[in-house]
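Please look over the structure shown here before reading on. The report that follows goes through aromatic rings, charged side chains, a pair of strands and some backbone angles.

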Amino acid sequence: MNNRDEAREFLSSRRAQVTPEQLGLPAGTNRRVKGLRRSEVATVAGVSIEYYTRMERGAISGASPEVLDSVAKALHLDDAERAHLFDLAHAASPVARPPRRRNSKSWVAHPSLQWTLDAVTAGPAFVRNGRMDLLAVNNLARAFYRDLYDMPGHHPNIARYTFLDERSRSFYPDWELFAEVTVAILRTEAARDPHNKELHDLIGELSTRSGEFRRRWGAHNVRHHGTGSKTFHHPVVGELTLAYEGLEMAAEPGLTLTIYAAEPGSPSEEALHLLASWAATEYGPEEVNEVAKKSGVRNQS
């Protein structure tokens, strides 16, 4: 992925989504562009039209935080979009250092991390990277994402499952929403970690094999994915509506610990109890470790 192209397409796509009325500007007549003109963005951001035009052509490496912030406000960027713009500018800097990220094939969960995951018994708990590989899981997460571990030749990966496995259409009742979120997470990570070959390879594979992914990737949408609720249809226990919390791991930059939980006393909680019982007979600790090893990651317990 070319950083200049990414910056150009991101800025132009955001500009197309803002109307003059949103900025308190007269709409005028004979508008030949969707959304704002470049001159209108420059005016509201307090920069020259020449400067903003260079930015939108991809030359953002020299933009100061103040200018980036002014452009973000002019384009009505949300928190995730603003962070994405700053990530693109940082990646374009000639002195920027690539962020420290773990290779999913060589990363090994520290024993204390696996103990922590295993201590969560009421809901699925797992660690993923920005590429959406499952790197470490508790027993309930292994059962919850059983189909991901059943894709031969691949590390368990949520994005690949979403777009390349037909079973995901049943697992995610609102598949369109899950697809949008998945692409937005990958797009966000691509700006944070532009030199990650594994990530580039995954995006290339999905772009080649899935028209649904390719269309959404071109929208340049990004998002922060930290808390909320989701509905699933599990092949063993049926429908579950689960709250989730995603926690950035301070000791492992780029990794996220996610825990799913059901509302106490709800049918979803009962379904999780049933799934836990099923998992206890289907997957013992040795089975979880063996499956993980075959996928390229050792879960130590």
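## Terms and basis

A residue is called buried when its relative accessible area is under 20%, exposed when this is over 50%, and partly exposed in between, as calculated with a 1.4 Å probe on protein chains only. By that scale E176, with a relative accessible area of 39%, is partly exposed.

This is a predicted model, in which local features need pLDDT of at least 70 and side-chain atom pairs count only at pLDDT 80 or more, while totals for chains, interfaces and linings use all residues. Residues are numbered from 1 along each chain as its sequence is written, and side-chain values use heavy atoms, with hydrogens and water left out.

## Aromatic pairs

A search of the whole structure gives 19 aromatic pairs. Rings of Phe, Tyr and Trp (for Trp, its six-membered ring) are paired if their centres lie within 6.5 Å, and the pair is stacked when the planes are under 30 degrees apart, edge-to-face when they are over 60, and tilted for the rest. Y161 and Y172 make an edge-to-face pair, because their ring centres are 6.1 Å apart and their planes stand at 70 degrees. Y161 belongs to helix α8 (residues 158-164) and Y172 to the loop between α9 (168-171) and α10 (175-192), so the pair ties together parts that are 11 residues apart in sequence. Helices (H or I, at least four residues) and strands (E, at least two) are DSSP runs, numbered from the N terminus.

Both partners are buried: Y161 has a relative accessible area of 0%, and Y172 has a relative accessibility of 1%. The two tyrosines also belong to a cluster linked by ring pairs, in which F126, F144, Y145, F171, F178, F232, Y244 and Y260 take part as well.

## Charges over rings

A charge is said to sit over a ring if NZ of Lys or CZ of Arg is within 6 Å of the ring centre and within 35 degrees of the ring normal. Y244, one of the residues in the cluster, has the charged end of K230 over its ring, 4.7 Å from the centre. In another such arrangement, the charged end of R142 sits over the ring of Y149, at 4.3 Å from the ring centre.

## Salt bridges

The structure holds 23 salt bridges, each being a side-chain nitrogen of Lys or Arg within 4 Å of a carboxyl oxygen of Asp or Glu. R216 and E176 form one of them, with their closest N and O atoms 2.2 Å apart. This pair links distant parts of the chain, since R216 is in helix α12 (residues 211-217) and E176 in helix α10, 40 residues apart. R216 is buried, at a relative accessible area of 3%, whereas E176 is partly exposed. Both residues are members of a network of salt bridges that also includes R169, E180, E212 and R215.

R15 is placed in helix α1 (residues 3-15) and counts as buried, at 10% relative accessibility. Contact here means heavy atoms within 4.5 Å, and, leaving aside its neighbours within four places in sequence, R15 is in contact with residues including K34, L36, Y52 and E56. A polar atom of the R15 side chain lies 2.8 Å from the backbone oxygen of L36.

## Strands and backbone angles

Strand β1 (residues 125-129) and strand β2 (residues 134-137) run antiparallel and are joined by 3 bridges, where strands pair if DSSP finds at least two bridges between them. F126 has V137 in β2 as its bridge partner, and F126 is also a member of the aromatic cluster.

Most residues other than glycine have a negative phi. M132, in the turn of the hairpin that β1 and β2 form with 4 residues between them, has a positive phi of about 75 degrees, and this residue counts as buried at 4% relative accessibility. H76, which is not a glycine either, has a positive phi of about 55 degrees; H76 is found in the loop between α4 and α5 (79-92) and counts as partly exposed at 42% relative accessibility.

Terms used. Polar contact = N/O pair within 3.5 Å; in protein donor to acceptor, adjacent residues only side chain to side chain.
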